[in-house]
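Subject: Structure for you to look at

Hello,

I am passing on the structure we spoke about. Please open it first and then read the notes below.

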Amino acid sequence: ACVLFIPPPNILGSFVCLVVPTINQTIISTTSHRHFPPRLKRNGVTIENEIEYRVGPYFVLAVNVREIDWRKFVKSTHRDVRERHKRWKRSALEECAAKKRKGIIKMSSSFCVRLYRMSKYELLSYFIAMLYYFHWTIYLPICLFTYHFMMGNLYRTYMLQNVADDTFVLVEEKGMEMQVGIRQASMQAAFMLSALREIRDGGRKLKDKQKESDSVDKGSLLGPLLGPAIKFDKDAAPPKPDGFEVPESLEFIGLELNLPVGFRRLRWALLHTECRFMPDAVFHAEAKYENITIEKWSKHDDVIGAPTTPDDVKEEDFIGAERVASYLMPKSAFVKANMCTETAYIEAYNDYCFVIKKKALTPDVPYGSTFVAWTKYIVINTGNNTCKMICSVEAEFPNGPPMIARQIKSGMRAGVGELFVLTGETISKYADVFP
């Protein structure tokens with residue numbers, strides 16, 4: 001996780017990286033420290049930077065802006081905006097082709113929506129890019145006035161946001177994840193207190209989990225929320241139905257796990273409306289979500305997830321059924337508490353495999369209106385009271401990827417991956433205690 005603080009007059013801020021284990025934190029902080037000066041120098045920005053803190057999985061990189069070559073900065077911003085404009089136009093053409101829409105007007109409408117939903121940093125980049133078409137004697141006073149008297153913090157934040165994507169590339173090449181946040185220096189103390197509090201909470205949770213793993217008893221759980229064992233789950237794995245193909249996973253597989261629980265029993269726990277396993281055991285007890293509401297399936301609500309399907313109902317009819325849920329996710333050092341609205345779709349349903357695909361909307365988080373978080377749970381019947389679960393995640397940008405798309409993807413993989421692990425751990429724990 002990364003945070004930037006902006007103290008007066010020129011100190012740009014601090015960069016904090018959330019990475020586990022500690023050795024990875026050291027690698028990433030060193031990589032960021034070395035990478036920022038030359039990358040910003042190419043954009044006309046001369047900086048000094050220093051690693052101020054390394055606390056647990058966080059680090060703070062203080063950056064002091066020493067000089068700005070406005071001619072080079074305007075030119076590099078114009079180049080970046082032009083490339084982004086080309087990508088958006090290409091995306092609009094592909095979208096129109098996919099939806100079989102033709103004509104300049106329809107393509108332009110899709111592109112205009114992208115422009116309408118730009119962030120304040122993207123709007124600033126367009127403003128700077130427009131100055132490229134004027135002589136430097138004209139735009140230099142404009143840049144100096146807006147930077148020193150109107151939007152200094154916005155300029156400085158944009159400078160780091162613009163190069164942070166390259167840092168994510170370097171981090172991903174090392175097989176690691178991180179989160180980034182940019183803050184003014186006046187918020188540094190508050191942020192570090194929040195980060196330290198999160199580290200302590202995480203340490204306590206880890207110790208509690210270690211104790212639980214040593215001795216998990218019925219008293220520490222909420223009851224047999226997985227439901228009773230189903231006799232058909234003792235049988236060998238059924239053959240794959242003729243013509244059936246297991247749907248493909250999404251872009252990033254966050255968890256692939258063999259579970260000690262029967263297929264039909266898990267299907268009941270995850271899909272049946274009457275079951276409280278996901279809202280009570282996973283969402284509330286483990287993930288600490290609040291204000292949880294789950295609606296009924298849009299069709300066949302009383303049958304979906306049942307151990308057996310009535311003869312007068314076809315399982316194929318379950319495909320496309322929808323169920324809406326909402327919950328309040330807890331705050332972290334980088335994101336405030338925020339509401340999530342989740343729509344689940346049944347993509348496959350039979351006695352060999354069932355697949356749930358979920359669309360999550362989080363408009364309250366930074367850039368939340370620019371992306372949709374897709375997750376997919378694939379559960380395959382392996383027989384003998386066991387099954388295999390594959391969880392994957394993918395980010396969608398309906399109006400084109402924003403400037404920090406890579407940061408959004410990385411944060412999504414980390415956050416959703418943690419929920420995947422919690423879900424798998426909770427299923428295994430309840431299956432062991434309540435066989």
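Glu290 has Leu328 in β6 as its bridge partner. The two strands concerned, β5 (residues 290-294) and β6 (residues 322-329), pair in the antiparallel sense over 3 bridges. Strands are DSSP runs of E with at least two residues, helices are DSSP runs of H or I with at least four, and both are numbered from the N terminus. Two strands are said to pair if DSSP finds at least two bridges between them.

Strand β6 is also joined to strand β7 (residues 338-349), by 8 bridges, and these two run antiparallel. Within that pairing, Ala325 has Glu342 in β7 as its bridge partner.

Before the rest, a note on the source. This is a predicted model, in which local features need pLDDT of at least 70 and side-chain atom pairs count only at pLDDT 80 or more, while totals for chains, interfaces and linings use all residues. Residues are numbered from 1 along each chain as its sequence is written, and side-chain values use heavy atoms, with hydrogens and water left out.

Backbone angles come next. Most residues other than glycine have a negative phi. Asn291, in strand β5, is not a glycine, yet has a positive phi of about 50 degrees. Asn291 counts as exposed because its relative accessibility is 51%; exposed means over 50% relative accessible area, buried under 20%, and partly exposed in between (1.4 Å probe, protein chains only). His300, in the loop between β5 and β6, also is not a glycine and has a positive phi of about 55 degrees. At 28% relative accessibility, His300 counts as partly exposed.

There are also surface patches to report. Patches are made of residues with over 30% relative accessible area and no salt bridge, joining like charges within 9 Å and nonpolar side chains (Val, Leu, Ile, Met, Phe, Trp, Tyr) within 5 Å. A salt bridge is a side-chain nitrogen of Lys or Arg within 4 Å of a carboxyl oxygen of Asp or Glu. Areas come from the Shrake-Rupley method with a 1.4 Å probe, and for residues only the protein chains shown count as cover.

The positive patch on the surface gathers Arg42, Lys75, Arg79, Arg82, Lys86, Arg87 and Arg90. Helix α2 (residues 70-98) gives the most to it, with 6 residues. Lys86, which lies in helix α2, is partly exposed at 44% relative accessibility.

Phe127, Tyr132, Tyr133, Phe134, Ile138 and Ile142 make a nonpolar surface patch of about 600 Å². Phe134 is in the loop between α4 (120-131) and α5 (136-150).

Regards

Notes:
Lys, Arg positive; Asp, Glu negative; His and termini not counted. Charge placed at Lys NZ, Arg CZ, Asp CG, Glu CD.
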